[in-house]
Amino acid sequence: MGTLGKAIYTVGFWIRETGQAVDRLGCRLQGSYYFQEQLSRHRTLMNVFDKAPSVDPDAFVAPSASVIGDVQVGKASSIWYGCVLRGDVNSISVGSGTNIQDNALVHVAKSNLSGKVLPTIIGNNVTIGHSAVIHGCTVEDEAFVGMGATLLDGVVVEKNAMVAAGALVRQNTRIPFGEVWAGNPAKFLRKLTEEEIKFISQSATNYSNLAQVHAAENAKTFDEIELEKLLRKKFARRDEEYDSMLGVVREVPPSLVLPDNILPDKSPKAA
């Protein structure tokens with residue numbers, strides 16, 4: 001961004017801040033802050049000057065996540081609650097069908113001990129577990145990073161490789177195809193079984209499906225949410241003996257029946 005672009009950005013910032021200052025002055029003139037609306041600084045998608053996120057329309061980004069700067073998110077991928085993807089000093093690329101789970105952190109490297117400028121590249125159908133830290137590294141297609149794992153600058157996790165939960169992978173480490181690495185620092189543990197390799201792909205598919213449900217719920221308007229709450233209360237099931245005493249037959253409207261894959265105690269219906 002050139003000097004003119006920065007100047008325009010700064011003027012826009014001043015105008016917005018001036019509006020807030022005028023609002024506060026009006027409250028003072030009325031005698032008190034009787035009505036004060038707090039402006040939330042959180043933005044799910046946020047530019048850093050001319051660096052803007054690019055998110056596929058079919059991807060899900062949770063409202064409490066932060067996708068900042070030069071970040072690309074592919075089709076059917078999901079960025080879950082509390083995640084931060086910060087592409088400020090370099091770029092972040094997330095492929096298709098990938099899930100980055102709650103509270104995970106993805107960042108990039110501008111400078112490090114190796115003197116390398118590193119983007120973060122995450123491939124297709126990758127699973128990044130809760131609270132993982134991915135920093136200036138590459139995670140190839142259908143790889144798996146466990147909960148709370150940390151991947152430092154220059155790490156490469158090859159296709160169908162797995163980083164175990166809580167592992168710390170040191171700089172410039174390469175984790176080969178089909179291997180499990182664990183520990184602090186992470187070391188080779190064993191080879192993945194065929195069932196575990198299939199699980200990695202299935203895990204990505206499961207999260208893509210679940211993300212569609214969360215996207216639909218988050219897209220509901222305030223009126224729709226309040227109506228559902230009212231209907232659920234009205235048609236709530238009480239004890240069968242209690243209902244029989246009152247002669248009440250309760251039926252849940254079809255619109256309120258959750259899909260079978262959301263309720264763990266319900267088996268899928270036969271085709």
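**View 1. A salt bridge between E179 and K191 in a predicted model.** In this predicted model, the side chains of E179 and K191 meet in a salt bridge, with N and O 3.6 Å apart; the term stands for a side-chain nitrogen of Lys or Arg within 4 Å of a carboxyl oxygen of Asp or Glu. The pair links distant parts of the chain, since E179 lies in strand 19 and K191 in strand 20 (residues 187–191), twelve residues apart. Strands (E, at least two residues) and helices (H or I, at least four) are DSSP runs numbered from the N terminus. Residues are numbered from 1 along each chain as its sequence is written, and side-chain values use heavy atoms, with hydrogens and water left out. Because the model is predicted, local features need pLDDT of at least 70 and side-chain atom pairs count only at pLDDT 80 or more, whereas totals for chains, interfaces and linings use all residues.

View 2. Strand 19, which holds E179, covers residues 179–182. E179 counts as buried because its relative accessibility is 12%, where buried means under 20% relative accessible area, exposed over 50% and partly exposed in between (1.4 Å probe, protein chains only). Apart from neighbours within four places in sequence, E179 is in contact with N160, A161, M162, F188, R190, K191 and L192, contact meaning heavy atoms within 4.5 Å.

**View 3. Further salt bridges.** The count of salt bridges comes to six. In one of them, D88 pairs with R86, and the closest N and O atoms are 2.6 Å apart; D88 is buried at a relative accessible area of 19%, while R86 is partly exposed at 33%. E196 forms a salt bridge with R190, with 2.7 Å between the closest N and O atoms, and here E196 is partly exposed at 22% relative accessibility, as R190 is at 34%. Elsewhere, E217, K220 and E228 are linked in a network of salt bridges.

**View 4. The nonpolar cores.** A nonpolar core is a set of buried Ala, Val, Leu, Ile, Met, Phe, Trp, Tyr and Cys residues joined through side-chain atoms within 4.5 Å. The largest has 40 residues, of which I79, L85, I100, V145, L151, V157 and V163 touch the most other members. Strand 3 (60–61), strand 4 (66–73), strand 6 (84–94) and helix 2 (194–218) each give two or more residues to this core. A second, separate core of six residues includes F144, V180, L192 and I200.
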